[in-house]
Amino acid sequence: MEENSTKNMLVILPTYNESGNIIKIVDAIQSLNLAISILIVDDNSPDGTGKIADELAKNYKNIFIIHRKKKLGLGSAYVAGFKFGLENNFDYICEMDADFSHD
């Protein structure tokens, strides 16, 4: 894989009550020093994950947020994320959980 191949890559992070993990997972992705954009799809987490995500987006221009009004589930969060990725012309789109269950 060429070095420039990550310039148009999106990682989708669906969240629901991930306030304890969201900063850590974003920092872990950012620490790779690759040109990766992150899309956080939050299902109106009652623990404030969405607000934390908004703060992260203020600090990183490569972080995007979709706030959903209620818990709609993991599958539809991925669909929303892939739709965002396609509409914004990302060449590579992948998904992972915010709880570090994926490497």
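Are D43 and R68 buried or exposed? Both D43 and R68 are buried, where buried means under 20% relative accessible area, exposed over 50%, and partly exposed in between (1.4 Å probe, protein chains only).

The structure is a predicted model, in which local features need pLDDT of at least 70 and side-chain atom pairs count only at pLDDT 80 or more, whereas totals for chains, interfaces and linings use all residues. Residues are numbered from 1 along each chain as its sequence is written, and side-chain values use heavy atoms, with hydrogens and water left out.

**Sheet and helices**

Helices (H or I, at least four residues) and strands (E, at least two) are DSSP runs, numbered from the N terminus. An open sheet is formed by 4 strands in the order 3-2-1-4, with parallel pairing; two strands pair if DSSP finds at least two bridges between them. Strand 3 and strand 4 (92-95) are at the edges with a single partner strand each, so one side of each has no neighbour in the sheet. From one strand to the next, the twist averages 20°. Strand 1 (residues 9-15) is joined to strand 4 by 4 bridges in the parallel sense, and I12 has E95 in strand 4 as its bridge partner.

Helix 2 packs on the sheet and touches strand 1, strand 2 and strand 3, its direction making about 150° with that of strand 3. Helix 3 also packs on the sheet, touching strand 1, strand 2, strand 3 and strand 4, and its direction makes about 155° with that of strand 1. Contact means heavy atoms within 4.5 Å. Axes are lines fitted to C-alpha atoms, for helices over the stretch in contact, and angles run from 0 to 180 degrees between N-to-C directions.

**Charged side chains**

A salt bridge is a side-chain nitrogen of Lys or Arg within 4 Å of a carboxyl oxygen of Asp or Glu. By this rule there are 2 salt bridges, listed below.

| Salt bridge | N to O distance |
|---|---|
| D43 and R68 | 2.5 Å |
| E55 and K58 | 3.2 Å |

E55 and K58, by contrast, both lie in helix 2, 3 residues apart, about one turn of the helix. E55 counts as partly exposed because its relative accessibility is 43%, while K58, at 63%, counts as exposed.

E18 is placed in the loop between strand 1 and helix 1 (22-30). E18 is buried yet has no salt bridge, and K24, the nearest side chain of opposite charge, is 9.4 Å away; Lys and Arg count as positive and Asp and Glu as negative, with His and the chain ends not counted. Beyond its neighbours within four places in sequence, E18 is in contact with D47, T49, A98 and D99.

T49 lies in helix 2 (residues 49-59) and counts as buried because its relative accessibility is 0%. Outside the four places on either side in sequence, T49 contacts T15, N17, E18, S19, I22 and D42.

**Positive phi**

Most residues other than glycine have a negative phi. N17, which is not a glycine, has a positive phi of about 55°; N17 lies in the loop between strand 1 and helix 1. For N89, in the loop between helix 3 and strand 4, phi is positive and near 60°.
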